[in-house]
Amino acid sequence: MVLDPVKGTVFLCLTGLGTVGNSLVFVSYMHMFQSTEQKPIHLILAHLAFTNIIMLFSKGIRRTIGAFNFDNFLNDTSCKVVVYLARVSRGLSICTSSLLTVVQAITISPRHSMCQRLKLKTPQHILSSLLCLWILNSLISMNLLSYVENVNRVNITQFREDGDFCYFLPESWITRWIFLTLMVLRDAVFQGALGGGSGYMVFLLHKHHQHVLYLQNSKLLYRTPPELRAAQSVILLMMCFIFFYWVECFISLFFTLTIENYSTVLDVPEFLTIGYAVLSPFILIHRDGHLIKCCHTQ
């Protein structure tokens, strides 16, 4: 009971901080996208910020209210929507981060390389890709709408003590394994693309670094293109994503196998889940000079 207000305060601070940061990033990139500096990557970054906001609201606020032991304000439909949005936003975070990495890797690739043929040149191409990601993640999470109910309907007090208002009903092993397989395949494919795009960008940045050293030794003036600076920011963002994703996976697996009824410890994966959503906008604000100007203007 002593730790519950502490958990609630931490969740509240992280959710508020992340929401403010992502809102600034979303508004700034949408403003930049509509201006003369229009770039497809701005739309992807705005979508990533929007996805982070959904995740913070669906996970952070629910955990905050549960930690402070407020009355259950969620009915059966609200439980389904909140849990469903949390699952969809987590999948969208993975897919959007992967799309961002691939698009940025194609952007900085040599002009005559094969990668340039895959370049998404218009906003319509980006919007179509994001729409496909929404459809994919919405379908993969469809089973939650049938297997999530309000705790009051199933009359289980243990979940109220854990600070959660939504209960997962038992589902058939066939349904469980089908959707679990789909989620694993989605994560494997998009993280593979993320890793490949990041590795390719590291390779290109290394070649660029060698070129800069040659020009410096030749005493020639050289200025780093903005695309390469953006690539460095994307790599930093992806390192942050990979850290939070895999640490959460390992800790969740460890707790599942070793711990059953220690709710305070079991909240650690929840902190890690929203960690990327909280930290990523401030990485972008710190790295992107145009974004800083937009934030000051707003």
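The expected span of a helix is taken as 1.5 Å times one less than its number of residues; helices (H or I, at least four residues) and strands (E, at least two) are DSSP runs numbered from the N terminus. The model is predicted, with local features requiring pLDDT of at least 70 and side-chain atom pairs pLDDT 80 or more, whereas totals for chains, interfaces and linings use all residues. Residues are numbered from 1 along each chain as its sequence is written, and side-chain values use heavy atoms, without hydrogens and water.

**View 1. Helix H3, residues 76–108.** The 33 residues of H3 should span 48 Å at 1.5 Å a residue, which agrees with the 48 Å between its end C-alpha atoms. In H3, 25 of the 33 residues are buried (under 20% relative accessible area, 1.4 Å probe, protein chains only).

**View 2. The largest nonpolar core, with 43 residues.** Such a core is a set of buried Ala, Val, Leu, Ile, Met, Phe, Trp, Tyr and Cys residues joined through side-chain atoms within 4.5 Å. Tyr29, Leu100, Leu133, Met201, Leu237, Met238 and Tyr276 have the most contacts inside this core. Helices supplying at least two of its residues each include H1 (3–34), H8 (173–217) and H9 (226–258). H3 gives the largest share, ten residues.

**View 3. Surroundings of Met238.** Beyond its neighbours within four places in sequence, Met238 is in contact (heavy atoms within 4.5 Å) with Ser97, Leu100, Thr101, Leu194, Ser198 and Tyr276.

**View 4. A second, separate core of six residues.** Among its members are Phe11, Leu56, Ile274 and Val278.

Conventions: Buried < 20%, exposed > 50% of the residue type's maximum accessible area, 1.4 Å probe, protein only.
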